[in-house]
Amino acid sequence: MSQPPANRLESLDIVRGIAALIVVLFHYSSKFPDFYPAAASMPFAMPLGFYGVHLFFMVSGFVILMSLMHQKGGGNGDGFIRSRFIRLFPLFWAGVLLSSLVLTFDSIIPDDVDWQTVAVNMTMLEDYVKVPAIDGVYWSLSFELGFYAFMFAIFRLRLARWVEWVPYYMIAGSILFYLVPAWVPHPLHYLLMINAYAHFFGAGMAFYLIYRHGPTIARVVPIMVVPLVQYLYDGAVGLMVCTALIAVMGLAIGWKASFAERSVGHIAARAMIRLGGWSYALYLTHQMIGYVLMARLQLWGCPALLSAVITLALAIALAGVLTHFVERPAARWLKQHLPETIGGKVSPVKV
């Protein structure tokens, strides 16, 4: 494996790998029967695996703030749209097309796929315009896009000097959405970061500020409050699970150097770093394509556990292929041909 960029934390790649794996296991063990009622009983279940998405949201809060503060023209968000487009869309388009083809040519998992739905899905705005998603996992990308738009607006409007307080706004947004969701009309809950997941993005931002500038009470408080906010939504289970997620993120950034140095030689750690690099492709393509494969395997007499193991292995292999032969070549090509900025250059922001 090539050396990661200097500003890339291998420990965060491990977190991505963990998050991706538990989401996949959640879908294959706990959600599969909802899509295929004839599914054989699975000998294990991970009903709390959906919290892996919450962990992804925290990582996004960390990475997006880092990107905005340290890329070219970071002080006004210049270049941010370009970098997000390159990161998200080529692989997303491949995922939409693959899932659409599989669902079209194998109807064992019922799903209404037509060219109009596919076309809208290709914009990644299907939730914003209330069009069904080709694959259920796309729901989280709507929240990601809302967060990107919100953060771009902050930096574009030269409000970055207030970034230390944005996590508090996002916590307030989550609490407000719990109390009075009808007051935040669709799709403004995405764009204004007044939604049920805003506090996780805010926690990721606070983690980055601690990583970059050191801990202060103002930076630690939003992180400590996140499990309490989740208690509103999910009760004691949400509080305990989110406390564990906070601990995972804290370990990842707290051991920013020594963690990678001590772990990098271990096979398991290297495998999770690699899986973290493939996590976006795995997340996009594992669900509906995996359900079709698992259903076919079970229909052909394959035991439930074996069908899940085979599907997991093939889903990871597909993610690796898409990452190496679609995402990375497309990123190289786009970086050469897309304009670097959408405006003038400014100095990196100071916090």
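Start with Pro 37, which is exposed, with a relative accessible area of 73%. Where does Pro 37 lie? Pro 37 sits in the loop between helix H1, residues 10-35, and helix H2. Its C-alpha is 9.8 Å from the C-alpha of Ile 109. In sequence, Pro 37 and Ile 109 are 72 residues apart.

One caution before we go on. This is a predicted model. Please keep that in mind throughout.

Now the overall picture. The protein chain has 14 helices and zero strands. Read along the sequence, the pattern is α-α-α-α-α-α-α-α-α-α-α-α-α-α. The chain has 351 residues, and buried residues make up 52% of them.

Let's go inside. The largest nonpolar core has 101 residues. Which residues have the most contacts inside this core? They are Phe 62, Met 151 and Met 170. Helix H2, residues 51-70, gives the most to this core, with 14 residues. As a general point, nonpolar side chains in soluble globular proteins tend to be buried together.

Look at Met 151 in more detail. Leave out residues up to four places away in sequence. Met 151 then touches Ile 64, Leu 65 and Leu 68, among others. The list of its contacts also includes Val 163, Val 166, Met 170 and Met 205.

Nonpolar residues also turn up on the surface. Leu 157, Leu 159, Trp 162 and Trp 165 form a nonpolar patch there. Together they have about 450 Å² of accessible area. Take Leu 159 from that patch. Leu 159 is in the loop between helix H5, residues 139-156, and helix H6, residues 166-179.

Next, charged pairs. In general, side chains of opposite charge can pair when their charged atoms come close. How many salt bridges does the count come to? The count is six.

Glu 10 forms a salt bridge with Arg 270, and the closest N and O atoms are 3.2 Å apart. This pair links distant parts of the chain. Glu 10 is in helix H1, and Arg 270 is in helix H11, residues 267-277. The two are 260 residues apart. Glu 10 counts as buried because its relative accessibility is 12%. Arg 270 is at 23%, so Arg 270 counts as partly exposed.

The next stop is Asp 13 and Arg 16. Their side chains meet in a salt bridge, 2.9 Å from N to O. Why are they about one helical turn apart? Because Asp 13 and Arg 16 are three residues apart in helix H1. Asp 13 is buried, and Arg 16 is buried too.

Then Asp 106 and Arg 296. Here too the side chains meet in a salt bridge, at 2.9 Å from N to O. The pair links distant parts of the chain, 190 residues apart. Asp 106 is in the loop between helix H3, residues 80-105, and helix H4, residues 115-121. Arg 296 is in helix H13, residues 287-299. Asp 106 has a relative accessible area of 17%, so Asp 106 is buried. Arg 296 is partly exposed, at 24%.

What about disulfides? The structure holds zero of them. Two cysteines are worth a mention. Cys 242 counts as buried, at 1% relative accessibility. Cys 302 also counts as buried, at 14%.

His 286 is found in the loop between helix H12, residues 279-285, and helix H13. Is His 286 buried or exposed? His 286 counts as buried because its relative accessibility is 0%. Again, set aside residues up to four places away in sequence. What does His 286 touch? Its contacts are Val 23, Val 24, His 27, Tyr 28, Val 137, Tyr 291 and Ala 315.

That is the tour. Over to you for discussion.

Notes
Residues are numbered from 1 along each chain as its sequence is written. This is a predicted model: local features need pLDDT of at least 70, side-chain atom pairs count only at pLDDT 80 or more; totals for chains, interfaces and linings use all residues. Side-chain values use heavy atoms; hydrogens and water are left out. A nonpolar core is a set of buried Ala, Val, Leu, Ile, Met, Phe, Trp, Tyr and Cys residues joined through side-chain atoms within 4.5 Å. Buried means under 20% relative accessible area, exposed over 50%, partly exposed in between (1.4 Å probe, protein chains only). Helices (H or I, at least four residues) and strands (E, at least two) are DSSP runs, numbered from the N terminus. Contact means heavy atoms within 4.5 Å. Patches are made of residues with over 30% relative accessible area and no salt bridge: like charges are joined within 9 Å, nonpolar side chains (Val, Leu, Ile, Met, Phe, Trp, Tyr) within 5 Å. Accessible areas come from the Shrake-Rupley method with a 1.4 Å probe; for residues, only the protein chains shown count as cover. A salt bridge is a side-chain nitrogen of Lys or Arg within 4 Å of a carboxyl oxygen of Asp or Glu. A disulfide is a pair of cysteine sulfur atoms within 2.5 Å.
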